Amino acid sequence: LAKKQKRIVIAGAPASGKGTQCEMIVKKFGLTHISAGDLLRAAVAAGTEAGKKAKEYMDRGDLVPNDVVVTMVKDRLAQPDCAKGWLLDGYPRSEEQAQALIESGINPDLFLLLDVPDEILIDRVVGRRLDPVDGTIYHMTFFPPPTPEIAARLTQRSDDTEEKAANRLAVHHRNVDAVVGKYANIMKNVDGNRAKQDVFKDIERLIKAM
Ligand code: AP5
């Protein structure tokens with residue numbers, strides 16, 4: 001019998017560790033990682049119509065309108081590499097987005113919600129750096145780059161300031177309950193305020209139990 005492909009959503013506040021855990025999940029389980037934020041940043045960088053529309057919202061830390069993001073994610077999920085199972089990161093983020101997924105017949109089997117207290121998140125945001133060469137996520141205090149060469153090429157996201165992160169956090173708190181309400185039957189809360197390997201151990205166990 002063919003094994004059912006895994007379809008997982010990972011959610012949580014800004015800088016709760018979604019991207020970091022996705023790196024580890026992909027390595028272990030070989031799912032296709034789809035990050036709504038990465039798709040949007042790629043569209044902005046490419047200067048597409050969708051990207052032009054998204055930019056001002058992302059600059060403020062507000063949700064990008066659904067007419068941009070819903071189709072973008074749906075199209076991505078229809079690509080052939082998603083047939084092996086997928087890991088959807090940062091989507092759905094509002095009740096309307098959850099409703100749109102459900103209406104399209106796109107149903108995850110597991111919804112992971114990373115819990116991290118607000119006061120921890122701002123430090124994580126302002127210390128985050130990204131390696132443009134291989135996409136690795138670093139933190140200047142918690143996971144510093146291993147060599148001076150890597151340190152010299154790291155970049156910072158333009159929405160990773162304290163002020164913008166505070167708005168991203170407020171947007172998260174306004175929307176999360178409605179999304180959680182739609183997925184209560186497959187929801188697993190994970191304590192994200194621990195070492196990343198410990199967080200991953202819990203996630204690994206939950207995925208294996210699927
Ligand atoms: P998006 O890119 O999704 O950003 P976000 O939700 O704010 O999440 P982050 O990427 O900031 O954090 P993360 O949880 O992945 O944490 P990470 O692992 O990097 O969205 C950006 C914008 O795009 C939104 O504001 C919006 O405008 C738009 N957008 C996106 N999705 C949308 C949607 N569905 N609808 C509409 N608009 C949308 O970790 C953070 C830092 O902490 C790193 O430095 C990391 O090294 C460190 N860290 C991670 N884990 C640990 C740990 N266990 N201990 C200590 N440090 C840790």
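V9 is found in strand β1, which covers residues 7-12; strands here are DSSP runs of E with at least two residues, helices are runs of H or I with at least four, and both are numbered from the N terminus. V9 is buried, with a relative accessible area of 1%, where buried means under 20%, exposed means over 50%, and partly exposed lies in between, using a 1.4 Å probe and protein chains only. V9 and P92 are 83 residues apart in sequence, yet their C-alpha atoms are 8.2 Å apart in space.

Before going further, a word on the model. It is a predicted one, in which local features need pLDDT of at least 70 and side-chain atom pairs count only at pLDDT 80 or more, while totals for chains, interfaces and linings use all residues. Residues are numbered from 1 along each chain as its sequence is written, and side-chain values use heavy atoms, with hydrogens and water left out.

Now let us turn to the ligand. It is surrounded by 35 residues, and the closest are T20, D62, R93, R128 and R168; a residue belongs here if one of its heavy atoms lies within 4 Å of the ligand. By class, this shell has 15 nonpolar, 9 polar and 11 charged residues. In that count, Ala, Val, Leu, Ile, Met, Phe, Trp, Tyr, Cys and Pro are nonpolar, Asp, Glu, Lys and Arg are charged, and the others, Gly among them, are polar.

Some atom pairs can be followed one by one. A polar backbone atom of G17 is 3.0 Å from an oxygen atom of the ligand. V64 places a backbone N or O atom 3.0 Å from a ligand nitrogen atom. With R124 the side chain takes part: one of its N or O atoms is 3.4 Å from a nitrogen atom of the ligand. On its own the ligand has 1,000 Å² of accessible area, and the protein covers 96% of this; such areas come from the Shrake-Rupley method with a 1.4 Å probe. The elements that give two or more residues to the shell are α1 (18-29), α2 and β6 (137-139), and α2 gives the most, with 4 residues.

The search runs on a 1 Å grid over the protein atoms alone: in a cavity a 1.4 Å probe fits but cannot get out, whereas a pocket is an open set of points with protein on both sides within 12 Å along at least five of seven lines, and lining residues have an atom within 4 Å of a point. The second largest pocket has a volume of about 230 Å³. Among the residues that line this pocket are R41, V44, K55, M58 and D59. Helices α2 (36-46) and α3 (49-60) are the elements that give two or more residues to this lining, and the largest share, 3 residues, comes from α3. Its classes are 3 nonpolar, 3 polar and 5 charged residues.

How many cavities of 30 Å³ or more does a search of the whole structure find? There is 1, and the largest cavity holds about 40 Å³ of space. Its lining consists of V70, V73, K74, Y91, Q97, A100, L101 and S104. Here α4 (66-77) and α5 (95-103) are the elements that give two or more residues. The lining divides into 5 nonpolar, 2 polar and 1 charged.

Our last stop is Q197, in helix α9 (residues 196-208). Q197 is partly exposed, with a relative accessible area of 47%. The C-alpha atoms of Q197 and Q21 are separated by 8.8 Å, although the two residues are 176 apart along the chain.

Conventions: Grid points are joined across faces, edges and corners, and a volume is the space filled by probe spheres set on the points. A polar contact is a pair of N or O atoms within 3.5 Å; within protein, one must be able to donate a hydrogen and the other to accept it, and residues adjacent in sequence count only if both atoms are side-chain atoms.
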